[in-house]
Number of protein chains: 2
Amino acid sequence: MKLSVAGELSLLEILRKRFIKRPHDVVLGIGDDSAVIRPQNSPMLFTTDMMVEEVHFDLSWTTPFQLGFKLVSVNVSDIYAMCGKPRFLLLNFSASRNASVDFFNRVFDGIEAAMKKYGISLIGGDISSSEKVIVSATVMGYAKRFLRRSGARPGDRIYITGPVGDAACGLALMKSIRKKIPIELGKKIKLPLAWDTAYPLIERHLMPSARDPERVAMAATAMIDISDGLMTDLSRLCSESGVGALVYQDRIPISKELRKASEYLGLSTLALALAGGEDYELLFTAPAGKKIEAFCIGEVIQSGIFVVDERGKKKKASTKGYQHFKI
Amino acid sequence: MKLSVAGELSLLEILRKRFIKRPHDVVLGIGDDSAVIRPQNSPMLFTTDMMVEEVHFDLSWTTPFQLGFKLVSVNVSDIYAMCGKPRFLLLNFSASRNASVDFFNRVFDGIEAAMKKYGISLIGGDISSSEKVIVSATVMGYAKRFLRRSGARPGDRIYITGPVGDAACGLALMKSIRKKIPIELGKKIKLPLAWDTAYPLIERHLMPSARDPERVAMAATAMIDISDGLMTDLSRLCSESGVGALVYQDRIPISKELRKASEYLGLSTLALALAGGEDYELLFTAPAGKKIEAFCIGEVIQSGIFVVDERGKKKKASTKGYQHFKI
């Protein structure tokens, strides 16, 4: 059935019935003019992100489930990057009148899977029509002690929670495959490279998981999530902290899958690791000498952002990652 | 200058500098991964709305200022409709790479004017690129005692805070004029009907004000804002309350401007008043016998929704107002 036949009100009714179970801190969910919650006595975090068809995702290789899941993950990642716990979700969904109710339901399957993963509740939203699919989300969370980008001090060590470049390589793979791979259903498809190599990369692009900072939060002095590329986001953290950074190229964690697939694609592994976006790993700093469960890739210095190559040569780093509107 | 030349980061920097003044309850505004606020010990309200070019607005007759102003008003109206006080705003802005920085700044002029009017603070947002202009907002507020749609009881009287049909008539006028009228600058243009007649109607369409329920809140039993048309929104309130309604046609407040302009346009004044959307007046119920500063248009009954015409004849009402996706 097309959305134009179902109508906005019955779509809202679908959501209302689907998300009727309310946790104790949600006084009123979907269905009135506003949602109502009982806030905790704690600093409250807010973030919002929009994803537009043909800009942020391509429906020729993205399933609606993956779109919904990723929308929630990218927002949750911004809450995690402040050392917060995500709690509530508001959504805007817009699609063509010719889109199907099945498409709509499957976007919400992905959203619901992510909600369960992160322990958050959908409390409200808006549905409208547009030529392209547009989704946006606002996520709220709490943090007794939140962490800014601005706390890094010279001498601190620089960490990341996992390998970088995988998502960008996964995107490059999908651009060459150009077919939907419903990994959420455990489906494999025949690829020109080994499934075990491709899978972690395309999963990182299609259905990224946000990284919970719980294990590292106590020691960290500044934090950001890697959405636009390691060096770009590092430069933002440094700029906010008024410091510089030295990154040791050979300490950057690079997955074996990235090595193999980037070779297959003829892309530079290092360029993908330094500048590839959307890994949603956390990048943070912590004082030297602390035991941290993450990859130490360098140290905070007074000023300038440098990469030290495998021969020990220090070079000024490029900090141009993905930016909307940039040529 | 084009947005593609300025780039996403400098647009965020423009916003950050512009909205740097933080009230005491905003711990962290624009510029980190999330915004941080200190919540009041009070039920907290959330609402979100998206506006898409060529669906919700037409840039051939809507100035960027008017777009920004209206985006905030429609969201604030949803907070007011719960008897809440709006407090914080998060925004998503998306436009073509060829759009100008001036366009961007003027959308935020309108947003800022509305923020001042309603006493709210911008705490965060997201900027991206898209073919059409897309804006969405999430507004948060507080309500010690919030009001649902579901509290209406048979015998209650039905009220609206002001005349209806003006916004729909204003839209019809703009569709025939098809020119920008920067009313925010006090500019008049020559029209085929008197300016004093046209102005209140086009203002209601282009730059609607949300209605603060403060004066009527204490007495009200149920409330909704009129966004999709009087009878449609009344039917929603009735459906949530499990009741019916009797509306006396001759008690519906109709502005003299609507009478004149609908005649000029050859449209039914009554149809515009009953079904025209986007007036953002509040529709509410209150027990009989209370002194209420609003227009009493009917009463709550057990079931069914009826309009009583000027000859006293009772007719089943049409409750089809504006709906996305409906043919």
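Helices (H or I, at least four residues) and strands (E, at least two) are taken as DSSP runs, numbered from the N terminus. The structure is a predicted model, in which local features need pLDDT of at least 70 and side-chain atom pairs count only at pLDDT 80 or more, while totals for chains, interfaces and linings use all residues. Residues are numbered from 1 along each chain as its sequence is written, and chains are lettered from A and ligands numbered from 1 in the order in which they are written.

In chain B, Lys179(B) is located in the loop between α5 (166-177) and α6 (195-206). Apart from neighbours within four places in sequence, Lys179(B) is in contact with Trp61(B) and Ile189(B), contact meaning that the C-beta atoms of two residues, placed from the backbone, lie within 7 Å. Between Lys179(B) and Phe284(B) the separation is 105 residues in sequence and 36 Å in space, C-alpha to C-alpha. In α6(B), the buried residues are Ala198(B), Leu201(B), Ile202(B), Arg204(B), His205(B) and Leu206(B). The cover over these buried residues includes α3 (64-80), α5 and α8 (256-265) of chain B.

In chain A, the axes of helix α5 (residues 166-177) and helix α6 (residues 195-206) come within 7 Å and cross at roughly 100 degrees. Axes are lines fitted to C-alpha atoms, for helices over the stretch in contact, and angles run from 0 to 180 degrees between N-to-C directions. Helices α5(A) and α6(A) are therefore roughly perpendicular to each other, given that angles under 35 degrees count as roughly parallel, over 145 as roughly antiparallel, 65 to 115 as roughly perpendicular and the rest as oblique. Residues making this contact include Leu171(A) and Met174(A) of α5(A) and Leu201(A) and His205(A) of α6(A). By class, the contact of α5(A) with α6(A) has 10 nonpolar, two polar and two charged residues; Ala, Val, Leu, Ile, Met, Phe, Trp, Tyr, Cys and Pro count as nonpolar, Asp, Glu, Lys and Arg as charged, and the others, Gly among them, as polar.

Two non-glycine residues of chain A illustrate positive phi values. Arg178(A), in the loop between α5 and α6, has a phi of about 50 degrees and counts as exposed, with 9 C-beta neighbours inside 10 Å. Glu54(A), in the loop between β3 (44-52) and α3 (64-80), has a phi of about 75 degrees and also counts as exposed, with 12 C-beta neighbours inside 10 Å.

The domain assignment of chain A gives domain 1 (7-142) and domain 2 (157-316), the bounds coming from an automatic or database assignment. The C-alpha centres of these domains lie 26 Å apart. Their contact takes 16 residues from domain 1 and 22 residues from domain 2.

Between the chains, 57 residues of chain A are in contact with 57 residues of chain B. Strand β3(A) gives the most to the chain A side, with eight residues. This side has 27 nonpolar, 18 polar and 12 charged residues.

Technical notes. A residue is buried if 20 or more other C-beta atoms lie within 10 Å of its own, exposed if 12 or fewer, and partly exposed in between; C-beta atoms are placed from the backbone.
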